[in-house]
Amino acid sequence: HFLSTLDSLVISYDPEKLRQIIANLLSNAIKFTPEKGNIYLSIHDEKIPGDPLALTLVIKVKDTGIGIPESQLQHIFERFYQLDNSQTRKMDGTGIGLSLTKELVKLMEGTIEVKSPPTGANKGTEFTVSLPVRRQLDAEDQLQKNTPVIIGNNESKTLLHEEHVSYTVSNDKPLILLVEDNADVVAYTASCLPEYRLAVGKDGQEGFDIARELIPDLIITDVMMPHVDGFEMCRRLRKDEHTSHIPIVMLTARADIESRIEGLEQGADAYLEKPFHKEELLIRIKKLLELRTSLQQFYSKRAGINAIEVSGNVQQEVLVETASPVVNPAADLFIQKLSAIIEEHINDEAFTVEQLCRKIFMSHSQLHRKLDALTGCSPNKFIRMIRLKKAIELLKDPTRSITSIAMECGYSDSGYFARVFKQEYGMTAQEWRSGN
């Protein structure tokens with residue numbers, strides 16, 4: 001039953017958050033109301049004294065269902081909490097819907113309350129959501145502050161479609177791929193990750209396909225999913241040249257030691273048990289992403305493109321001492337393979353990133369994201385650094401002219417070679433030779 005004291009109300013608000021709040025409350029009411037019961041959705045507004053444009057929008061969802069025991073009312077908004085937590089419970093669910101609803105209400109600076117009379121005609125449950133809103137007169141200014149997104153991550157522009165697949169690559173923030181078939185878990189996990197861009201896949205096959213296309217910085221996956229489970233997806237990701245380097249966090253209710261061992265054997269970097277702690281998830285993500293720095297130093301060294309510093313007039317390779325990273329053999333092989341292809345075409349000035357992509361069977365964006373993750377270099381810079389590494393080797397031979405060295409390294413214009421060399425090393429090729 002829909003009950004409203006308003007014929008219409010034009011206000012500034014976040015439509016996606018409000019839609020999900022109401023959908024979650026109605027879904028919860030339907031789940032716990034028996035056949036021939038009643039559910040009431042009512043809406044009214046309350047004026048705020050002193051501001052003719054400000055008001056409170058009050059939304060109530062009331063049912064005549066089984067109700068909530070008084071002893072459990074205080075826990076109802078806790079994540080992963082379920083009224084019936086037995087193995088034989090009749091109602092399906094994750095215990096995330098109401099927790100997520102409270103988070104969304106909080107993001108909209110509102111409040112949510114619940115009451116459930118134990119007996120009598122009013123038996124059932126009633127949720128009351130109160131949201132501060134403003135009339136449309138200044139809506140344009142307000143909307144600029146409150147762009148409609150699902151979890152309040154305005155900068156990411158990440159929206160969750162009904163298929164639970166949405167992604168963007170236009171931002172410098174780390175991109176995380178979340179692979180999960182339960183919409184509530186997706187939404188709640190997304191609410192924990194406001195500092196990251198998010199891509200979402202609803203099963204292991206879709207997650208694998210998205211990972212190959214986007215090359216995310218990190219993957220979070222459930223284990224039990226339709227079509228392809230998390231273990232199989234993890235195995236495929238580790239075997240695929242596009243995705244072998246990506247850190248993987250398994251997030252699952254399967255916490256037995258056999259499952260943990262299997263996940264780690266298939267290549268997972270971390271294994272978190274549901275219900276998970278938001279802080280632990282964020283720290284795991286942070287530390288796994290930080291490992292990229294030491295890995296980038298390692299792979300740059302493997303490719304021979306270490307940073308160079310000037311000490312007086314002497315060029316010296318800088319080898320930053322860090323704890324030895326756990327090296328992925330497939331990623332190491334990829335860097336060596338890429339370097340070999342470039343070195344094979346080292347004197348070909350016309351050799352481009354596009355040609356390199358075709359030889360490595362990747363798109364430009366795929367190669368860019370993988371190389372950036374492994375070495376911190378773009379494809380163009382990686383080619384340039386391989387060329388300059390060769391130039392450094394040849395400059396050690398005093399009988400070689402700088403012009404011939406430039407041509408052998410793919411620079412027909414010696415003037416351009418000089419500018420590139422100085423830009424990278426802070427001195428000309430002749431100055432480098434004189435100092436060594």
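**Helix packing and the chain as a whole**

Colleague: At what angle do the axes of helix 2 (residues 97-107) and helix 4 (residues 183-191) cross?

Modeller: This is a predicted model, in which local features need pLDDT of at least 70, side-chain atom pairs count only at pLDDT 80 or more, and totals for chains, interfaces and linings use all residues. Residues are numbered from 1 along each chain as its sequence is written, and side-chain values use heavy atoms, leaving out hydrogens and water. Axes are lines fitted to C-alpha atoms, for helices over the stretch in contact, with angles from 0 to 180 degrees between N-to-C directions. The axes of helix 2 and helix 4 come within 9 Å, and their crossing angle is roughly 40°.

Colleague: What is the handedness of the crossing of helix 5 and helix 6?

Modeller: Helix 5 (residues 204-214) packs against helix 6 (residues 230-239) at about 20°, with axes 9 Å apart. That makes the two helices roughly parallel. A crossing is left-handed if the near helix is turned anticlockwise from the far one by less than a right angle, and right-handed if clockwise. The crossing of helix 5 and helix 6 is right-handed.

Colleague: Is Lys396 buried or exposed?

Modeller: Lys396 lies in the loop between helix 12 (379-395) and helix 13 (402-408); helices are DSSP runs of H or I with at least four residues, and strands runs of E with at least two, numbered from the N terminus. Its C-alpha atom is 6.9 Å from that of Arg433, which is 37 residues away along the chain. Buried means under 20% relative accessible area, exposed over 50% and partly exposed in between, with a 1.4 Å probe and protein chains only. Because its relative accessible area is 60%, Lys396 is exposed.

Colleague: What percentage of the residues of the chain count as buried?

Modeller: The secondary structure of the chain comes to 15 helices and 13 strands. Among contacts between residues at least 6 apart in sequence, 65% join residues at least 24 apart. Of the 436 residues of the chain, the buried share is 47%.

Terms used. Contact = heavy atoms within 4.5 Å. Parallel < 35°, antiparallel > 145°, perpendicular 65-115°, else oblique.
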